[in-house]
Amino acid sequence: QVISIVGMGGIGKTTLAQLVFNHERVQNRFDVKLWGTVSKKYDLKAILQDLLKDESNHLSDRELAIRLHEKLYLERYLIILDDIWDVEAWNRLQEFIPNNRFESRILVTTRYSRVSDECTTTNGGVCRLEPWDDSRSWACLREMIFGEDDCPVDLKEIGKKIAKACGGLPLSLVAIAGVLSKSKMTASSWESILKNIKNSSGLIEGHHGLKVLSTSYYALPMHLKPCFLYFRNFHEDAKIRLSVLFREWIAEGYVQSAQNKTIPEIANEYFDELVATNLVLIVSRNSFGEITKCGVHDLVLELCIRESENETFPPVP
């Protein structure tokens, strides 16, 4: 059976799919669990490699497809195909996935109803995510900033207005929480942030989430802005090795020297600061819990591209 999660960018489709993928009952039910990211400009070989976690790059598309089929044929499997943009990508991928009648499942995430309608094979198999209402948005924003503590009375009303300005998008709420958490906890400071959100709404056309995310970008310290904008040089849904990212930052001269610290140490501090803003995502860690790969949401990548139009950041070789 194929089921799908559909909704606009930033609404939480991938997060929900991750919760399903990692749930204890799912762990016990399926023999094989695979995750592959498809993206707008999909690459069949890259998707097959992602599903198989094969980074060797020496196998052909056909060899990868055969290996995938063999891995799944006699097993009860769960496959997550994240971020499918068009039906063609789905049609090509399903050729290599066996229908072995072992109650296997495929979960697809997409922004487009036409894709979910084409993929889904069972009645009621489409989960449509809608923007949150103002009450839920404020409750979430308040918890991210204050945890179990109460929100100061003088910040409550302006906080509700900021939550409303996020348009019910979890991605926007998470990003603006990063800004508010680092701000002066005063009504005037929060009023200024709300004003910036409204001003950016007039300057940036397109997805509402971009308008809120731009406020997070403008709030970055000057030394972090070129480091953040450098993500524009990586493709959508890229899993970026920190060693590569740091090397590029250093080569471009974005990492400033400091007394008693090495340049790589400072680059790591910059990265930690960006993660704290919720604009950069942690993709994977090694067995010691150290971050090895990172990435950005596709809306954040679009923000990087837009804000970089007047800058000169060379592409990654």
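1. Two strands are taken to pair if DSSP finds at least two bridges between them; strands (E, at least two residues) and helices (H or I, at least four) are DSSP runs, numbered from the N terminus. This is a predicted model, in which local features need pLDDT of at least 70 and side-chain atom pairs count only at pLDDT 80 or more, while totals for chains, interfaces and linings use all residues. Residues are numbered from 1 along each chain as its sequence is written, and side-chain values use heavy atoms, with hydrogens and water left out.

2. Strand β3 (residues 77–84) pairs with β4 in the parallel sense over 5 bridges. Within this pairing, L81 has V108 of β4 as its bridge partner. Together with helix α5 (residues 87–94), β3 and β4 form a right-handed β-α-β unit (right-handed: with the strands pointing away from the viewer, the path from the first strand over the helix to the second runs clockwise).

3. Strand β1 (residues 2–6) is likewise joined to β4 by 5 bridges, and the two run parallel. V2 lies opposite I106 of β4.

4. Strand β4 (residues 105–110) has 5 of its 6 residues buried, so it is largely enclosed by the rest of the structure (buried: under 20% relative accessible area, with a 1.4 Å probe and protein chains only).

5. The axes of helices α13 (residues 242–252) and α14 (residues 263–276) come within 10 Å and cross at roughly 110 degrees; the axes are lines fitted to C-alpha atoms over the stretch in contact, with angles running from 0 to 180 degrees between N-to-C directions. α13 and α14 are therefore roughly perpendicular to each other (65 to 115 degrees). Residues in the contact (heavy atoms within 4.5 Å) include W249 of α13 and F271 of α14.

Terms used. Parallel < 35°, antiparallel > 145°, perpendicular 65-115°, else oblique. Buried < 20%, exposed > 50% of the residue type's maximum accessible area, 1.4 Å probe, protein only.
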